[in-house]
Each structure stands twice: as structure tokens, then as C-alpha cells.
Amino acid sequence: MSTATVPRVTTKPHPQVDGPTWTQLIEAVRQSGRYTTRPEAEQVTRTVLSALGTHVTGDERVDLARALPGEAARLIAAQIPATHRLTAARFVDEVASRTPGATSATARWDVSSVLSALPPLIGDDLITRILAQLPPGYALLFGRADLTPAS
């Protein structure tokens, strides 16, 4: 008769160690946008991710939520997907409309500060997939060259 030891299986969840934390995300945005306070960077991040959550759909939306910290994932997941895609300029205008006192220029800064902080935290492959489903012009907001041909 064999007396082999059976490995013990636990169902205790493991903390997420691979992905970024909310604090890391906010700090990356604070540095990227040169915001003077953490609350300012946090508000900008919430506004931009909420707007982004309406425009990223399908597997990319699910994978984006999984790659982000829980707080950010909830912002993405809580949004109802838009029925039509906005151009990058209209997306910036949408963020401006959600931000008291914002202009198109300040909203573009905010959007770029948040979106350009994402690739180092969640990976270039996912960003490439997200950009593939968005209209041309978003690459610049993510801090990438926009190499799409002009139409």
C-alpha cells in the first residue's frame, strides 16, 4: 500500500502581485502629468478611465479591467459601452465636458497624462489591441506615434 502524500489544496485567494496597485497608477499619472497633488491626479485618472470605459469593448475591455488595479477596473466596468466610437478629438472634448473648468487643451493634457501612464503598467500588447479597436488618432494620446495613413 502506498503512503504517498497528497498535496494540500487551499482556496485562500492570493493577493495580486503581478499587476499595478491603485497607488502605483495614481503616482504614474501624477508624474506623467506633473500634477502637484495626489488627489488631483486621482480625480483626473477617474475621469479619463470612466470615459475610456465607454469606448473599449469586448475582450479588450475585459483584459484592460483585469490588468488594472481593482479601483480602476471598477471604473472601466461600470461604464455602459457607447453605441458609436468617438474620434480622439471628440473623446478629449467628452473628458473636458466631465471636468469642471476644463478646456480642450487641459483635457488633452489630462487624457494624455492618464493614457500614456498605462503602457508601462499593463503592457504594450494590450495597448496595441485597444488601439486597433479605436478610431485613428488615439495612439498619440497613449504616447505612441500615430502611423496610420491619412485618409
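The following dialogue examines how several labels are assigned in this predicted model.

Trainee: Why is the contact between Glu94 and Arg98 called a salt bridge?

Mentor: The closest N and O atoms of Glu94 and Arg98 are 2.8 Å apart. A salt bridge requires a side-chain nitrogen of Lys or Arg within 4 Å of a carboxyl oxygen of Asp or Glu, so the label applies. The two residues are four apart in helix H5, which means that about one helical turn separates them.

Trainee: Why does Glu94 count as buried?

Mentor: Glu94 has 19% relative accessibility, and buried means under 20%, so the term applies. Arg98, at 34%, falls between the limits of 20% and 50% and therefore counts as partly exposed.

Trainee: What makes Arg66 exposed or buried?

Mentor: Its relative accessibility is 61%; exposed means over 50%, so Arg66 is exposed. Arg66 meets Asp63 in a salt bridge of 3.8 Å, N to O. At 24%, Asp63 counts as partly exposed. Both residues lie in helix H3, three residues apart.

Trainee: Why is the aromatic pair of Phe91 and Tyr138 called tilted?

Mentor: The ring centres of Phe91 and Tyr138 are 5.5 Å apart, and rings pair if their centres lie within 6.5 Å. The planes are 55° apart; stacked applies under 30 degrees and edge-to-face over 60, so this pair is tilted. It links distant parts of the chain, with Phe91 in helix H5 and Tyr138 in helix H9, 47 residues apart. Both Phe91 and Tyr138 are buried.

Trainee: How do you know that the span of helix H6 is close to the expected value?

Mentor: Helix H6 has 12 residues and reaches 16 Å from its first C-alpha to its last, close to the 16 Å expected at 1.5 Å a residue.

Terms used:
Residues numbered from 1 in each chain as written. Predicted model: local features only at pLDDT ≥ 70, side-chain atom pairs only at ≥ 80, totals over all residues. Heavy atoms only, no water. Expected span 1.5 Å × (residues − 1). Phe/Tyr/Trp six-rings, centres within 6.5 Å; stacked < 30°, edge-to-face > 60°. Buried < 20%, exposed > 50% of the residue type's maximum accessible area, 1.4 Å probe, protein only.
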